Amino acid sequence: MSEGKYIIRGGMPIYGTVKCMGAKNLATKTMVAAMLGGSPSCLINVPQIGDVDITEHLIQSAGVKTIRNADSIVIDPTFISKPSVFFPDSRSNRIPILILSALLHRFSEVTVPAVGGDNIGNRKIDFHCDAIKLFGADIKVQDGFYLASRRSKLKGCDIALPYPSVGATETCLFLGVMAEGQTVIENAAIEPEIIELITMLNLMGGIITRRGDRKIVINGVKSLQGTNFRIMGDRIEAVSWASLAGASNGNIRVCGIDPRTLYNFLPYYNMAGGGYRIINHDEIEFFRATEVMSAVQFETDVYPGFSTDWQQPFATMLTQAQGISKVHETVHDNRFEYLSVLEDLGASVSTGQKCIIQKCRYHGRGYNHSATIHGATKLMGDGKVITVPDLRAGLAYVIAAAISEGTIVLNDIYHIERGYGDLISKLSGTNLSIRRVCQ
Ligand code: EPU
């Protein structure tokens with residue numbers, strides 16, 4: 001991951017074709033799943049993004065051998081020799097705690113660096129730690145590392161997650177799949193990427209079934225073998241380009257995404273005046289269906305709700321919608337800081353602590369988790385230099401820059417490249433004027 005900045009000249013409708021990569025929030029997890037096999041796995045449609053690079057370095061430091069090609073990676077866990085993972089030489093992500101769970105089947109003591117990732121709220125790991133303890137291990141945090149230990153084999157258990165956390169569900173899957181006996185996860189996350197992860201673990205020989213709405217039952221197995229697995233298209237990336245098309249009054253054909261995985265996004269796009277045409281099982285085209293976009297109210301939620309990771313690109317599009325849009329963020333407690341930058345560019349936005357649509361778990365706790373957007377407003381770049389604080393805010397700024405008159409310079413673009421890879425080649429099939437310069 002090299003340092004650099006993007007220079008974007010905006011003010012034109014964006015037309016063209018963009019290819020979605022494999023899903024970031026699945027690819028890195030399948031790399032950890034592959035560590036559980038007794039033989040190599042081959043992952044296909046792996047995105048070329050910073051988060052995959054970081055994860056590759058993390059698992060290599062435990063002894064995993066990898067062979068990476070254009071969009072595939074072979075992960076050979078048979079060389080795992082170390083019960084520890086070092087700090088990556090680049091910035092960390094959310095994956096170390098998952099690696100800890102995978103390694104805990106092989107070693108009785110495991111050390112991994114603390115998780116990093118975007119600064120979008122508290123992002124505690126208490127559910128992970130509680131689950132690790134229920135499986136019979138101990139975990140403590142010391143000097144920026146997590147240290148876990150167990151006296152005997154991990155034992156299946158009953159876990160009721162206080163909230164359907166994606167990461168904590170993954171921790172339970174990695175622990176339960178090879179623990180002794182049965183594990184039952186209640187109130188599990190059921191995002192499509194979680195279901196795909198379960199599919200991969202079952203292809204490896206796991207016995208994991210879904211019962212009812214949010215219950216997952218795991219019958220622990222003694223061993224797993226490697227498998228071949230294709231990473232699904234990135235639904236968050238697809239929504240980013242849909243938002244760019246709507247915001248700029250352009251037309252973007254998005255390939256590499258199964259339109260059905262966007263079924264819970266398309267109604268909101270529709271309500272805002274966005275249009276779409278399904279081209280085939282792997283392609284969808286986005287544009288404005290109405291000349292003027294309309295304000296909408298929405299709240300983010302766990303799947304099948306409106307994904308929190310769609311919030312920033314979509315809300316940026318809503319700065320171009322007529323009327324008052326309202327956004328209630330119920331998943332992360334601090335995901336609106338990017339709005340002050342949009343305000344500097346000319347958007348009319350405000351944030352507040354009140355729950356807008358219905359009371360959520362942040363009610364009365366002092367978090368700025370609601371936003372109001374008055375539109376439509378003209379955005380002006382005027383050569384402004386903006387520092388990107390996190391991945392999705394970064395993409396929101398790319399959209400904002402594309403619809404602003406004049407030029408905008410984005411710094412700290414490693415945040416963007418951690419999840420979207422190199423935007424220059426990705427957007428080369430569009431007319432967006434974007435340059436990358438090294439700092
Ligand atoms: N939470 C706790 N304690 C825990 C775990 C979670 O309180 O032990 C809370 C978090 O603080 C948060 C909520 O539960 O308020 C949801 O967190 P979750 O564990 O579901 O998130 P995550 O696994 O850390 C993944 C994605 C995020 C995405 C969330 C929610 C990855 C690498 N990250 O994070 O993606 O927002 O699920 O869907 O899978 C992104 O891609 O931009 C991104 C931030």
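How far does a polar side-chain atom of K24 lie from an oxygen atom of the ligand? The distance is 3.4 Å.

## Before you look around

This is a predicted model, where local features need pLDDT of at least 70, side-chain atom pairs count only at pLDDT 80 or more, and totals for chains, interfaces and linings use all residues. Residues are numbered from 1 along each chain as its sequence is written, and side-chain values use heavy atoms, with hydrogens and water left out.

## The ligand and its neighbours

Let's start with the ligand. There are 24 residues around it, and K29, D126, S165, D309 and V331 come nearest (a residue is near if one of its heavy atoms lies within 4 Å of the molecule). Sorted by class, this shell has 10 charged, eight nonpolar and six polar residues. Here Ala, Val, Leu, Ile, Met, Phe, Trp, Tyr, Cys and Pro count as nonpolar, Asp, Glu, Lys and Arg as charged, and the others, Gly among them, as polar. Four helices each give the shell at least two residues: α1 (24-34), α4 (126-134), α5 (166-176) and α11 (391-403). Helices (H or I, at least four residues) and strands (E, at least two) are DSSP runs, numbered from the N terminus.

In R123, a side-chain N or O atom is 3.1 Å from a ligand oxygen, and D126 has a polar side-chain atom 2.7 Å from a ligand nitrogen. Taken alone, the ligand exposes 820 Å², and the protein buries 92% of that (areas by the Shrake-Rupley method with a 1.4 Å probe; for residues, only the protein chains shown count as cover).

## The largest pocket

Where is all this happening? The ligand sits in the largest pocket, meaning that more than half of its atoms lie within 2 Å of the pocket's grid points. A pocket is found on a 1 Å grid over the protein atoms alone, as an open set of points where a 1.4 Å probe fits, with protein on both sides within 12 Å along at least five of seven lines; lining residues have an atom within 4 Å of a point.

This pocket holds about 1100 Å³ of space (grid points are joined across faces, edges and corners, and the volume is what probe spheres set on them fill). Of its 49 lining residues, R123, S165, V166, V331 and H332 are the closest to the centre. The largest share of the lining, four residues, comes from α1. By class, the lining has 20 charged, 16 nonpolar and 13 polar residues.

## The second largest pocket

The second largest pocket has a volume of about 410 Å³. It is lined by 24 residues, with M21, P47, Q48, Y420 and K426 closest to its centre. β2 (15-19) gives the most to this lining, with three residues.

Most residues other than glycine have a negative phi, and most peptide bonds are trans. A cis bond joins Y303 and P304, with omega about 10°, and P304 lies in the loop between β18 (297-299) and α9 (311-318). The bond from G375 to A376 is cis too, with omega near 0°. N45, which is not a glycine, has a positive phi of about 65°.

Methods
A polar contact is a pair of N or O atoms within 3.5 Å; within protein, one must be able to donate a hydrogen and the other to accept it, and residues adjacent in sequence count only if both atoms are side-chain atoms.
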